[in-house]
Amino acid sequence: MNCKDVREQLFDLVTPGAPALEPAARHVEGCASCAAELKSLRQTMALLGEWSAPEPSQYFNVRLQARLREEKTSPQRRSLLAWLHVRWQPVMAAALSFAIAAGVIVYQTTQTQVEAKASPAVLDLQSLDKNEEVYKNFDLLYDDQPQDQQQQQQDWNP
């Protein structure tokens, strides 16, 4: 076990009633830095065990109740944003839903238009595939020519 794995399990080693972690405990016995970290964690847990929360002042509840009464009787001051939030919430929800729907429609229409367009190179290749049989039979066209033209054409082709 390495130090990183053991440091993740140190709290389990300190907590009473936690399942025993034999590999981690053996590593802590042999590693000075992990042992120091475990000792520091045990001291911290001991200090936290001794600590007790301070008692609230005897006047705390009286002041709290007075403050609550003041808030109930004071006029409610709402901000403009809060008023708009409450009054216009359904309208804003409908407007945002409409905006999202419009965006989806625009996105889908632009995607279909982009996919429908083919580049000129693709169109040329498709045209060549369609006319492949015609191009194979070009030799038949040359058979009708006189011999001297056929000889010239063969000279041009390496």
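**Ground rules**

I am working with a predicted model, where local features need pLDDT of at least 70, side-chain atom pairs count only at pLDDT 80 or more, and totals for chains, interfaces and linings use all residues. Residues are numbered from 1 along each chain as its sequence is written, and side-chain values use heavy atoms, with hydrogens and water left out.

**Entry 1: the overall layout**

I started with the secondary structure and found nine helices and zero strands. Helices here are DSSP runs of H or I with at least four residues, strands are runs of E with at least two, and both are numbered from the N terminus. Along the sequence the pattern reads α-α-α-α-α-α-α-α-α.

Next I looked up burial: 7% of the chain's 158 residues count as buried. Buried means under 20% relative accessible area, exposed means over 50%, and partly exposed lies in between (1.4 Å probe, protein chains only). I also checked contacts, meaning heavy atoms within 4.5 Å. Among those with a separation of 6 or more, 46% join residues 24 or more positions apart.

**Entry 2: α1 against α2**

How do α1 and α2 pack? I noted an angle of about 110°, with the axes 9 Å apart. That makes α1 roughly perpendicular to α2. My axes are lines fitted to C-alpha atoms, for helices over the stretch in contact, and angles run from 0 to 180 degrees between N-to-C directions. Angles under 35 degrees count as roughly parallel, over 145 as roughly antiparallel, 65 to 115 as roughly perpendicular, and the rest as oblique.

On the α1 side, C3, V6, Q9, L10 and L13 make the contact, and they meet A24, A25, H27 and V28 of α2. I sorted these residues into seven nonpolar, two polar and no charged. For this sorting, Ala, Val, Leu, Ile, Met, Phe, Trp, Tyr, Cys and Pro are nonpolar, Asp, Glu, Lys and Arg are charged, and the others, Gly among them, are polar.

**Entry 3: α2 against α3**

I moved on to α2 (residues 22-30) and α3 (residues 32-50), whose axes come within 6 Å and cross at roughly 105°. These two helices are therefore roughly perpendicular as well. H27, V28 and G30 of α2 touch A32, C34, A35 and L38 of α3. The tally for this contact is five nonpolar, two polar and no charged.

**Entry 4: two residues up close**

Is H27 buried or exposed? With a relative accessible area of 16%, H27 is buried. Beyond its neighbours within four places in sequence, H27 contacts M1, N2, C3, V6 and C34.

V14 lies in α1 (residues 3-14) and is buried too, at 15% relative accessibility. Setting aside neighbours within four places, I found V14 in contact with L38, L41, R42 and M45. I also noted that V14 and K39 are 25 residues apart in sequence and 9.1 Å apart in space, C-alpha to C-alpha.

Helix α4 (residues 60-73) has 14 residues and reaches 20 Å from its first C-alpha to its last, close to the 20 Å expected. The expected span is 1.5 Å times one less than the number of residues. The number of buried residues in α4 is zero, so this helix lies largely in the open.

I searched the whole structure for salt bridges (a side-chain nitrogen of Lys or Arg within 4 Å of a carboxyl oxygen of Asp or Glu) and found one. The side chains of E71 and R67 form a salt bridge at 3.7 Å, N to O. E71 and R67 are four residues apart in α4, about one helical turn. An α-helix has 3.6 residues a turn, so residues three or four places apart point the same way. E71 is partly exposed, at 45% relative accessibility.
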